[in-house]
Amino acid sequence: AVIETNEATAAGLTAANLALLCQMVYQDSGIVLDESKRYLLDARLQPVAQQHRLESIDALCRAVQGYGQNALRKQVVEAMTTNETLFFRDVAPFDALKRTILPQLLERRQTGRYLSIWCAACSSGQEPYSLAMLLRELLPNADGWRIDILGTDLSEAILERARQAKYF
């Protein structure tokens, strides 16, 4: 038997399972994790393991590989998402949208009067709502326009909060 003495074992996660989790999270979400994020994996997955009455994150890794464990796999991936959101989060992108991108799009779409925007990783919805406010400001008379803003996220729980549109 090989005895592992690396930090991964000390954190309750073997090197092989660290690699497995990083690969699985990337494959299912596009989120890139590596050795430097071991602390994050441990902090976010320990509660998932406990919820399923598993003694460790390594046991969680074994369980998630079992047949028919898609719901558990999804829960593991969702645990690694940040779900950080604010109205007008990140000043530079919203400034670029307000000053350049949206005015040009609105001008180009003037004839068809249709605009569709996809807001990926929208979390609980403040960014799509911010886009709607910005469009209202740029296009005060939206009569005859069809504007669709689609917000998506990996987390069903956070999307349910977005659907409620309750911001405190």
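In the predicted model, a salt bridge joins the side chains of Arg146 and Asp148, with nitrogen and oxygen 2.9 Å apart. Asp148 has a relative accessible area of 26% and is therefore partly exposed. The count of salt bridges in the model comes to nine, and two further pairs are described here together with the surroundings of their residues.

The side chains of Arg73 and Asp28 also meet in a salt bridge, with an N to O distance of 2.6 Å. This pair links distant parts of the chain, since Arg73 belongs to helix α5 and Asp28 to helix α2, and the two residues are 45 residues apart. Arg73 counts as partly exposed because its relative accessibility is 23%, and Asp28, at 31% relative accessibility, likewise counts as partly exposed. In another salt bridge, Arg62 pairs with Glu55, and the closest N and O atoms of this pair are 3.5 Å apart. Arg62 is exposed at 51% relative accessibility, the cut-off for this class being over 50%, and Glu55 is exposed with a relative accessible area of 63%.

Helix α2, which spans residues 15–29, packs against helix α3, residues 38–51, at an angle of about 80 degrees, and the axes of the two helices lie 11 Å apart. The helices α2 and α3 are therefore roughly perpendicular to each other. Leu18, Leu21 and Cys22 supply the α2 side of this contact, while Arg38, Leu41 and Leu45 supply the α3 side.

Leu45 is also one of the residues in contact with Ala79, together with Arg44 and Val48, when neighbours of Ala79 within four places in sequence are left aside. Ala79 is located in helix α5, which covers residues 70–79, and is buried because its relative accessible area of 18% falls under the 20% cut-off. Between Ala79 and Pro47 the C-alpha to C-alpha distance is 9.3 Å, although 32 residues separate them in sequence.

Helix α7, formed by residues 126–138, contains Tyr129, and Gln126 lies in this helix as well. Gln126 counts as buried, with a relative accessibility of 11%, whereas Tyr129 counts as partly exposed, with a relative accessibility of 43%. Apart from its neighbours within four places in sequence, Gln126 is in contact with Thr85, Leu86, Phe87 and Tyr167. Phe87 in turn contributes, with Phe88, Tyr129 and Met133, to a nonpolar surface patch of about 350 Å².

Key
Residues numbered from 1 in each chain as written. Predicted model: local features only at pLDDT ≥ 70, side-chain atom pairs only at ≥ 80, totals over all residues. Heavy atoms only, no water. Patch = residues over 30% accessible without salt bridge, like charges linked within 9 Å, V, L, I, M, F, W, Y side chains within 5 Å. Areas by Shrake-Rupley, 256 points an atom, 1.4 Å probe, with all protein chains shown as cover. Salt bridge = Lys/Arg side-chain N within 4 Å of Asp/Glu carboxyl O. Helix = DSSP H or I, 4+ residues; strand = E, 2+ residues; numbered from the N terminus. Buried < 20%, exposed > 50% of the residue type's maximum accessible area, 1.4 Å probe, protein only. Axes fitted to C-alpha atoms, helices over the stretch in contact; angles between N-to-C directions. Parallel < 35°, antiparallel > 145°, perpendicular 65-115°, else oblique. Contact = heavy atoms within 4.5 Å.
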